[in-house]
Amino acid sequence: RTSYLVPRTSYLVPRTSYFKMYPFRLLPLLLLMPVLLQAQAGGGYSRTAVEHIRKGEYIDALDYLNTAIRKDPGVPELWFLRGYAKYGLDDYLGAEQDYTRSIELSPHLPDVFINRAIVRSQLQDYRGAMADYDTAIAMDPDNPELWFNRARTNLVLKKPYSCIIDCNQAVKLGYEGETVYILRASAEVEIKRFDEAIADLGKALEVNPKNSYTFSQRGVLRMEMEQPDSAIADFTRAVELDTVNSYALFNRALALLKKEKRVPALADLNRVIRISPYNSYAYYNRAITLIGMGDKAGAIRDFEVVSKLDPKNIVTHFYRGQLRAETGDYSGALADLDRTIELLPDYTDAWFRRYEVKMKLKDTKGARADYQQALELSRRNHLNPDSLRAARTDYLKSLVKLSGDFEEMNTMTARWQNQAVDVQLRPQFTLLLWKADFGKVRLYDVYRKDHWFTTILTLTAETGLVDDSVLFAEVRLRTRQVDSLGPQPDPLFRRGVAWQQLKAWDQAIADFDAALLADSNHAGALFSRAAARFEWIRRITLREEYQGGAISGKPAPAAVPGNFPDSLVHTYAAVMADLDRLLLLDPGFAAGWFNRGFVNSSTGNYGDAVADYSKALSLESNFAEAAYNRGLMNILLGNNHQGCIDLSRAGELGIRDAYRVMKRHCYK
C-alpha cells in the first residue's frame, strides 16, 4: 500500500502521450502567393506585413495589418493574412474569426478554407473543420497540402485508416517534404503496425536527415517496441541536431530510467525544466527519480510545483503526503492526504495513510474513524471489485493528467507566446498634464463637459513619463499661486497631480481634498483622488496581491487597518465612492469605468469588475487594456472561452502579453 514507485512504463508519462503527432501547419507562404498578390489594397502595409510573417515576426505583422484593415476593411486577403499571423501566435480563436471574415467577403479562395479547417481542428470543432476541407477539395482537389492537413485532422479524430488514405493521396499528388511520412507513421502506430511506422520514419529521414523531430519520433516508437538502447541513440541524435529539443530530452530521460541510469536521466530532466519551466511531466518524473536517489526533500519540492501546475493531480498529493510523513512533517502530510481523499473519497490507501499520520499527531479518535473507513472500503472492493475498480480507474484518469509543453519557453529565443509572463492586471489610468509620447497616452474629448478642467484629457497607465525636475517646478509654481490666490481648485488640483506623479500619495490626496472642498464636482480631482488613494492603501498595506490576484484569485484587503491618522478615510470603499461620483458626472468616461473595474478586480469583486470593463469597452471598443483585464477576470471566473476571446482582442490591439497568457490558459 505504501509504495511510491508505480511501474515507470505505465505511469511516468500517460500512454496517450507516448507518440507526439506532427503539428498542424498552415499553407506555406509561397503556396499562398496568388492570395498575397491580391492584397494590394492595403498597399505598403500589407507588403511589409508579409515580410514580417515570412520572418516569423507575427506581432509586428499584426501592427501593419491592423492599419491596413482600418484603411480598407473590405479586402478579404487582409483578413486572411491577419488570421495567418494570429495562428502563428497560437491565437486560434482570433485566427478563426479573421478567416471567417475573409470567407464572408470572398468565399472563393480554397486556401482560406484550408487554413480555417486547421484552426477549427485546434479548437476541436472537427465538424466545422471537415466541412471546410470538403469545400476546399471541391475547389482544388489536386492540392497535396489539403490532403495532408485533412490527414492530420483524421488522426486527431482517431481515424488512422482515413489518415493513411489521405497521406497516400498527398504523396501521389507530389507533396514535398518529410512531414507526410511522419504523419503516416503516427497513424501506423495507432493500429500497431510498428514496422511500417519505422519504414515511414526512415523515408522521412531520407528526405531530410537533419530533422530532429523525426529522430525523436523514431526514438519514442522504439521505446514502445521495448528497444531502449536504440531509442536512446535516436534521442541523442535529435538533441545533437537541436540542443533545446525538450521532447527528445524528456523521452531520453525515460529511456535512461528504463536502464536504471538515474544520474544522466536527472540531468536530462533538469535541462527540460530549464527549457520548459511549465512542464508538469518533467517535474513529476524528476520527483520520482529523486525518490529513487533518496532525495526526499527535492522530490517534495518538485511535487509542490506539480500541485500548482495541476492542482487536481491526485497522485502528486498522495506521494507528497507519504514523503512528508516520512520526513516528520505530519501536519503537511495530513493536508496532502486530506486533499487526496477530497479528490477521490474511495481511495483506500489514502485512508490507511491518513490513519497512520493521525496516530502520529495523537488524534486517536480521527485515526480510528479513518481506519474503519479503510476497512469498509477494502470490504466493498472485495465484494464488488470489477465495477468499483472500473469507476475508480476512470476517475483517476481524469485526475492524474499532467500538462507537458515541449516547446522552448522562458528564453528570448523562444516564440513570443512561449516566453514567460508575469500575469498581472493592466494598471489604472491617471491624468497627465504634460507632453508625452503619443503611443503612451490616451486622449478623451471633454469639450463642453463643464465638470472637467480642459477640453482634451490626456491619460496614461505608465509611470516615469515626466522628469522629476519638471514635476517639482510644477509644485513650486502651484504653491505660489495657492499662497497668493488662496485655495482655488485649479492650482490645488494641478499640484496634486504633480505630487501623484512623484508618488507622494499623501500630499496628492491632501491637495485633491482641498480642491474638492473648493469645487465638489471637480471631475479631475475625483478621478485623481481615487487613483492616488488606491496606491496609498497598497503602499501602506505592503501587499502586492492587488495585481497578482488576476489569476491567483487573492484579493487585496477590503479596508486598511489603523496606519493612518484616520484609517476610515483610506478604504477601498472611499476609492469606489469617488469613482461612483465621477461616473454620475460623466457616465461616458471609459477610463473611469476601467479604473472602477480595476478596483473591483483588486478587492475580489470579479463579477462587478467584468461589468465595469464591459462598460468601458461599450464606450471605446478598441480599449485594449479593458479587453485584457476582462479576459483575466473571465478566466478567473471559469469563463475561459470568453476570457480567451477578450485576450485575443487585446493582443490584436497591441498588448503582446495577451498571447503569452493565452498560451498558459487557453486551448488546453
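Helices are DSSP runs of H or I with at least four residues, numbered from the N terminus. The views below show parts of a predicted model.

**Figure 1. The chain as a whole is built from 34 helices and 3 strands.** The protein chain has 668 residues, and buried residues make up 54% of them. Among the contacts in the chain with a separation of 6 or more, 60% are accounted for by residues 24 or more positions apart.

**Figure 2. Arg152 is a residue of helix α9, which covers residues 144-156.** With a relative accessible area of 9%, Arg152 is under the 20% limit and therefore counts as buried.

**Figure 3. Helices α13 and α14 pack against each other at an angle of about 165°.** Two packed helices are described by the angle between their axes and the distance between the axes. Helix α13 spans residues 212-224 and helix α14 spans residues 228-241, and their axes are 8 Å apart. Angles over 145 degrees count as roughly antiparallel, and α13 and α14 are therefore roughly antiparallel to each other. Their crossing is left-handed. On the α13 side, the contact is made by Ser212, Phe215, Ser216, Arg218, Gly219, Val220, Arg222 and Met223. On the α14 side, the partners are Ser230, Ala231, Asp234, Phe235, Arg237, Ala238 and Leu241. By class, the contact of α13 with α14 has 7 nonpolar, 4 polar and 4 charged residues.

**Figure 4. Asp234 of helix α14 is one of the residues that meet α13.** The relative accessible area of Asp234 is 3%, so this residue is buried. Leaving aside residues up to four places away in sequence, Asp234 touches Phe215, Arg218, Gly219 and Arg222. The C-alpha atoms of Asp234 and Val220 are separated by 8.7 Å, and these two residues are 14 residues apart along the chain.

**Figure 5. Glu226 occupies the loop between α13 and α14.** Most residues other than glycine have a negative phi, and most peptide bonds are trans. Glu226 is not a glycine, yet it has a positive phi of about 60°. The relative accessibility of Glu226 is 55%, which is over the 50% limit, so Glu226 counts as exposed.

**Figure 6. Asp90 lies in the loop between α5 and α6.** Asp90 has a positive phi of about 65°, although it is not a glycine. Is Asp90 buried or exposed? Its relative accessible area is 8%, so Asp90 is buried.

**Figure 7. Three strands form an open sheet in the order β1-β3-β2.** Strands of a sheet pair through backbone hydrogen bonds, either parallel or antiparallel. In this sheet the pairing is antiparallel. Strands β1 (430-431) and β2 (442-445) stand at the edges with a single partner strand each, so one side of each is left without a neighbour in the sheet. Strand β3 (residues 456-460) is joined to β1 by 2 bridges, and Thr430 stands opposite Thr460 in β3. The antiparallel pairing of β2 with β3 extends over 4 bridges, and Arg442 stands opposite Leu459 in β3.

**Figure 8. Strand β2 has a covered face and an uncovered face.** In a regular strand the side chains alternate between the two faces of the sheet. Which residues of β2 belong to the covered face? Arg442 and Tyr444 do, whereas Leu443 and Asp445 belong to the uncovered face.

**Figure 9. Helices α33 and α34 pack at an angle of about 155°.** Helix α33 covers residues 640-652, helix α34 covers residues 657-665, and their axes are 8 Å apart. This angle makes α33 roughly antiparallel to α34. The crossing of α33 and α34 is left-handed. In α33, the residues Asn640, Cys644, Leu647, Ser648, Ala650, Gly651 and Glu652 take part in the contact. They meet Ala658, Tyr659, Val661, Met662 and His665 in α34. The residues of this contact divide into 7 nonpolar, 4 polar and 1 charged.

Definitions and conventions. Residues are numbered from 1 along each chain as its sequence is written. This is a predicted model: local features need pLDDT of at least 70, side-chain atom pairs count only at pLDDT 80 or more; totals for chains, interfaces and linings use all residues. Side-chain values use heavy atoms; hydrogens and water are left out. Axes are lines fitted to C-alpha atoms, for helices over the stretch in contact, and angles run from 0 to 180 degrees between N-to-C directions. Angles under 35 degrees count as roughly parallel, over 145 as roughly antiparallel, 65 to 115 as roughly perpendicular and the rest as oblique. A crossing is left-handed if the near helix is turned anticlockwise from the far one by less than a right angle, and right-handed if clockwise. Contact means heavy atoms within 4.5 Å. Ala, Val, Leu, Ile, Met, Phe, Trp, Tyr, Cys and Pro count as nonpolar, Asp, Glu, Lys and Arg as charged, and the others, Gly among them, as polar. Two strands pair if DSSP finds at least two bridges between them. Buried means under 20% relative accessible area, exposed over 50%, partly exposed in between (1.4 Å probe, protein chains only).
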